[in-house]
Amino acid sequence: MGLPDASGDLSSEMEVDAFRRLFPLRFYERHLAESIRPDGRPLGRARDTTIALGAVASADGSALAKIGSTTMLAAVKMEVMTPSMESPDEGCIAIDFHMPPICSPIVRPGRPAEAAPVVSKQLSDTISSSGMINLKELSLVSGKAAWMAYLDIYCLDADGALFDAALLSAVAALFHLQIPAVSLNDDGKIVVSEEDGGKLEKEPVNKEKRKLTLRSIPFSLTCILHKNYILADPTSEEEAIMETLVTVVLDSSSQLISLYKPGGAVLAYTSAVQDCIALTRQRVWELQKILDEANSGMEVD
Amino acid sequence: MAGRRGTNPTTYSPSLKTQKTRSTIFKDDWVRPDGRGFQQCRPAFFRTSAVTAASGSAYAEFGNTKVIVSVFGPRESKKAMMYSDIGRLNCNVSYTTFATPVRAQGSDRKDFSSMLHKALEGAVILETFPKTTVDVFALVLESGGSDLPVVISCASLALADAGILMYDLVTSVSLSCLGKNLVIDPILEEESYQDGSLMITCMPSRYEVTQLTITGEWSTPKINEGMQLCLDACSKLANIMRSCLKEATTTSQE
């Protein structure tokens, strides 16, 4: 008959690795029936996550986030712009997500990955709609000068759940951001105040506003829906085999910021979506703790 | 453009372009900004298998210079490529937008890509993977000076990690000529006011040079002195890289 039966007969004799490659879906379904995943995780558990703040010295704020093997490096560089007429007291934040050719065999130089602009848009939507950053804090001189924060996120190793890792690194980089003290020079330009033997040459225009107050920090969790199973934090192999993804973004007080379900073969029932949100709530608590630990680790040094 | 507020307003970096007076380097008591001796390299750190998605990869950190190199393949050559009974090496070097002190559009460095290719091509045994291509992609996470030599050394380690056959590891060290001083492994600041530069890429155990670039004004004895300094540093670097590879294999066997 069809392939599934053939694989059933062969599987006893075949090596596990060959079986995994030839019948990936069957391989996974056998694991799922036992409520375990090939990497040893229970279905609802995310991979080990680490954050390192201040990975790039040439940026004003930076962070390296790892979820399993998926690695993201985010850095913020502050530049000065003239604010728009409509909002003279507001700065701006420009978010860009990059997938350089080093991160995955699919990406080649000169041919950007399809996923990159999608994740880029999701990130800017999430960060702007979460209200995490008060753009008024980025103002320097009303109507004359304001900060433009360039937040660039690079994927160094792509192994699934790219959006989750990218958002985590972006948030951590903004958390780590230290705004330079600047003053207005005679030409009306903003320059970094140079400390000259303890006293500043000119009075800085942003004496107090050196760190952003992050109001509600967004955290996310991506889950795969496959039949009745929900798999949290998928690897790239899992994403390739089972295609229905749901990404839930919650803030630190568990309020829903956004929910993405970009198509897929499985229709999500309300109960499945609720389960995803419940898993995310748990994950937010974990991630908040990891971020706090990374921050306290910085202060000790 | 002036007056018009588009979606992307023009911005500028507030950091001052501090042009250190070059004259300080001609004084006798000049010390290097990071306090190193003239013939002292920065501490080198290597780690293999940094990217799991690649066949082989390596991360290198020399002071503030941080690079990652991934190797993919041997895999199918591009369709348009002619038949070739030896393998091909395809190299690409790019920078992140935040790598340099002032933000730049993260872009491909075509010049570095071709230099990397030329530096490695002599060391890789291309006959072992006919008709296919090995891709060597480098990303400079942070530029802190001597970027290209670090990329080249890191790339040869990544090739070794991917199991691509080579005659020897390739190591590279550069040197700046500042007035009458020769400083090895220069940082960004030193490179910005150098009179001349010398970069050697070699296979230390075979004592063969795969690439040598000299720019600026040099006298013959200075070139000899500089080359000897670089070659010594290259063989020391090879020892560090070799021990990194050994460490990686012993930990994976356990």
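**Exercise 1. In which loop is the place of Lys189(A), and is this residue buried, partly exposed or exposed?**

*Solution.* Keep in mind that this is a predicted model.

Step 1: Find the strands on either side. Lys189(A) sits in the loop between β7 (182–184) and β8 (190–192) of chain A.

Step 2: Look at the accessible area. Lys189(A) has a relative accessible area of 42%. Buried means under 20% and exposed means over 50%, so Lys189(A) with its 42% counts as partly exposed.

Step 3: List the contacts, leaving out residues up to four places away in sequence. Lys189(A) touches Ser183(A) and Leu184(A), and also Tyr12(B).

Step 4: Asn295(A) is 106 residues from Lys189(A) along the chain, and their C-alpha atoms are 34 Å apart.

**Exercise 2. Describe the second largest pocket and its lining.**

*Solution.* 

Step 1: Start with the volume, which is about 750 Å³.

Step 2: Go to the lining. It has 25 residues, and those nearest the centre of the pocket are Met99(A), Ala115(A), Gly160(A), Leu162(A) and Glu239(A).

Step 3: Assign the lining to elements. In chain A, α4 (115–129), α5 (162–176), α6 (236–241) and β13 (244–251) each give two or more residues. The largest share, four residues, comes from α4(A).

Step 4: Sort by class. The lining holds 15 nonpolar, seven polar and three charged residues.

**Exercise 3. Which members of the largest nonpolar core touch the most other members?**

*Solution.* 

Step 1: In soluble globular proteins, nonpolar side chains tend to be buried together.

Step 2: Pick out the members. The core has 69 residues, and Phe97(A), Met99(A), Leu123(A), Leu151(A) and Ile153(A) touch the most other members. The largest share of this core comes from α5(A), with eleven residues.

Step 3: Zoom in on Phe97(A). Beyond its neighbours within four places in sequence, its contacts are Met72(A), Ala116(A), Val119(A), Ser120(A), Leu123(A), Ile153(A), Cys155(A) and Ala166(A).

Step 4: Look for another core. A second, separate one has 57 residues, including Val71(B), Ala138(B), Val140(B) and Ile184(B).

**Exercise 4. What confidence does the predictor give chain B and the complex?**

*Solution.* 

Step 1: Take the chain average. Chain B has a mean pLDDT of 88, and 91% of the residues score at least 70.

Step 2: Check the start of the chain. Residues 1–7 of chain B have a pLDDT below 50, and this stretch makes five contacts in the model beyond near neighbours in sequence.

Step 3: Finish with the complex, for which the predictor gives an ipTM of 0.89 and a pTM of 0.90.

Conventions: Residues are numbered from 1 along each chain as its sequence is written. Chains are lettered from A and ligands numbered from 1 in the order in which they are written. This is a predicted model: local features need pLDDT of at least 70, side-chain atom pairs count only at pLDDT 80 or more; totals for chains, interfaces and linings use all residues. Side-chain values use heavy atoms; hydrogens and water are left out. On a 1 Å grid over the protein atoms alone, a cavity is a set of points where a 1.4 Å probe fits but cannot get out, and a pocket is an open set with protein on both sides within 12 Å along at least five of seven lines; lining residues have an atom within 4 Å of a point. Grid points are joined across faces, edges and corners, and a volume is the space filled by probe spheres set on the points. Ala, Val, Leu, Ile, Met, Phe, Trp, Tyr, Cys and Pro count as nonpolar, Asp, Glu, Lys and Arg as charged, and the others, Gly among them, as polar. A nonpolar core is a set of buried Ala, Val, Leu, Ile, Met, Phe, Trp, Tyr and Cys residues joined through side-chain atoms within 4.5 Å. Buried means under 20% relative accessible area, exposed over 50%, partly exposed in between (1.4 Å probe, protein chains only). Contact means heavy atoms within 4.5 Å. pLDDT is the predictor's confidence in each residue, from 0 to 100.
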